[in-house]
Amino acid sequence: MVFLVGLIEEIIFRSILQNRLEVFLGSREGLIITSVLFGLMHSVYGNVIEVFYALLVGFIIGYIFYKTRSLPLVAMIHGFINVFLFGVIPHLL
């Protein structure tokens, strides 16, 4: 989950989608639309709070990508968030 899922989602959402939307619509709009789509993609979890959480995290990661243009950095952040959410927290509850 650290290296594969985060990397694939970040390639799709940041490297492809956010970059292209920024060219066509501007930086702010590209970031917002990409974040909303990222949140909606996570709607399969079925919980509205989780969708809003994914939207917020998508916005933060998108903003980091906008500022740094570092795909490896945001993929690593995404991967560690996934490990924490799905690997660490369930064992603490």
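Here is a chat about a predicted model of a protein chain.

Visitor: What should I know before we start?
Guide: This model is predicted, so local features need pLDDT of at least 70 and side-chain atom pairs count only at pLDDT 80 or more, while totals for chains, interfaces and linings use all residues. Residues are numbered from 1 along each chain as its sequence is written, and side-chain values use heavy atoms, with hydrogens and water left out.

Visitor: How many helices and strands are there, and how do you know what counts as one?
Guide: The chain has four helices and zero strands. Helices are DSSP runs of H or I with at least four residues, strands are runs of E with at least two, and both are numbered from the N terminus. Reading along the sequence you get α-α-α-α.

Visitor: What makes the chain as compact as a globular protein of that length?
Guide: Its radius of gyration, which is taken over C-alpha atoms, is 13 Å. The globule rule is 2.2 Å times the number of residues to the power 0.38. For 93 residues that rule gives 12 Å, and 13 Å is close to it, so the chain is as compact as a globular protein of that length. As for its extent, the C-alpha trace spans about 45 × 25 × 15 Å along its principal axes.

Visitor: Why is S35 called buried?
Guide: Buried means under 20% relative accessible area, exposed means over 50%, and partly exposed is in between (1.4 Å probe, protein chains only). S35 is at 1%, so it counts as buried. You'll find S35 in helix α2, residues 27-41. Leaving aside neighbours within four places in sequence, S35 is in contact (heavy atoms within 4.5 Å) with L55, G58 and F59. Across the whole chain, 31% of the 93 residues count as buried.

Visitor: Is R69 buried, partly exposed or exposed, and how do you know?
Guide: R69 has a relative accessible area of 39%, so R69 is partly exposed. R69 sits in the loop between α3 and α4.

Visitor: What is the phi of R69?
Guide: Phi of R69 is near 55°, a positive value in a residue other than glycine. Most residues other than glycine have a negative phi.

Visitor: Which residues make up the largest nonpolar core, and what makes it a core?
Guide: They are V57, I61, F65, L71 and V74, five residues in all. A nonpolar core is a set of buried Ala, Val, Leu, Ile, Met, Phe, Trp, Tyr and Cys residues joined through side-chain atoms within 4.5 Å. Helix α3 gives the most to this core, with three residues. Take V74, which lies in helix α4: its relative accessible area is 0%, so V74 is buried. Beyond neighbours within four places in sequence, V74 is in contact with E10, R14, I61, I64 and F65. The C-alpha atoms of V74 and L7 are separated by 8.2 Å, though the two are 67 residues apart along the chain.

Visitor: Which residues lie nearest the centre of the largest pocket?
Guide: Those are H42, Y45, Y53, L85 and F86, among 16 lining residues. On a 1 Å grid over the protein atoms alone, a pocket is an open set of points where a 1.4 Å probe fits, with protein on both sides within 12 Å along at least five of seven lines; lining residues have an atom within 4 Å of a point. Helices α1 (5-25), α3 (48-68) and α4 (71-92) each give two or more residues to the lining.
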